[in-house]
Amino acid sequence: MNIILLGAPGAGKGTQAEKICEYLNIPTISTGNIIRAALKSGTEMGLKAKSFMDAGKLVPDDVVIGIIKERLAENDCQNGFILDGFPRTIPQAEALDAMGVQIDKVIDIEVPDENIVARMSGRRVCEKCGASYHLEYKKPSKDGVCDLCTGALVQRKDDHPDTVLSRLKVYHEETEPLKDYYQKQGKLAIVEGQEEIADTTALVLKELEV
Ligand code: ADP
Ligand code: ZN
């Protein structure tokens, strides 16, 4: 199954992607994680993306479309995949269609703006492997330490409150129109983000009929 996860930054797309992955055993492709990894290893693409990312803006379409093209060509995507954070603009969605990629379902996780800012301030990521946590909703077993690799948990620069507001604005202007785009293709399912992660997962899995 080929799945797209839509939703505002901090709506919990990454967390739900992990859960779907456990059920369906298909890889998650997160453009945000790929860009952050490129940044860390100092590639040209990473450096080009940095200023956009730090400002809470979108990285240019051609850059992310290139990333996705390469990633989807890898073997592990043959039996399906979960796109987390792509597409984020209409041109990105059109590029995906133009590549001939068949999408089965688009799950939009809805969380009100008021809750987003609060959620984002509690978000922490592992410095080493990129795994994501939350001070309240998704605590690591040991404070400040990654369960997976014992790396240190830090706040992403673009998760600071001032940047979060620009990311939300970008989301409403550029990404939200994708709901309409996929609604017209008959692929959209809307899930209300719940207080408990497991409750949201139950709704997501119901939509996926797995
Ligand atoms: P979140 O889901 O919390 O918003 P991501 O890790 O998906 O965070 O993305 C972080 C940043 O990476 C975005 O704010 C943007 O700068 C860049 N980025 C990720 N995916 C895309 C995309 N599809 N198009 C443009 N920029 C992207
Ligand atoms: Zn880690």
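Tutor: A polar contact is a pair of N or O atoms within 3.5 Å; within protein, one must be able to donate a hydrogen and the other to accept it, and residues adjacent in sequence count only if both atoms are side-chain atoms. This is a predicted model, where local features need pLDDT of at least 70, side-chain atom pairs count only at pLDDT 80 or more, and totals for chains, interfaces and linings use all residues. Residues are numbered from 1 along each chain as written, chains are lettered from A and ligands numbered from 1 in written order, and side-chain values use heavy atoms, without hydrogens and water.

Student: What makes Arg167 a polar contact of ligand 1?

Tutor: A polar side-chain atom of Arg167 is 2.8 Å from a ligand oxygen. The limit is 3.5 Å, so the pair counts. Arg88 also qualifies, with a side-chain N or O atom 2.7 Å from an oxygen of ligand 1. Gly85 uses a polar backbone atom, 2.8 Å from a ligand nitrogen.

Student: How much of ligand 1 does the protein bury?

Tutor: Alone, ligand 1 exposes 550 Å² (Shrake-Rupley method, 1.4 Å probe). The protein buries 96% of that.
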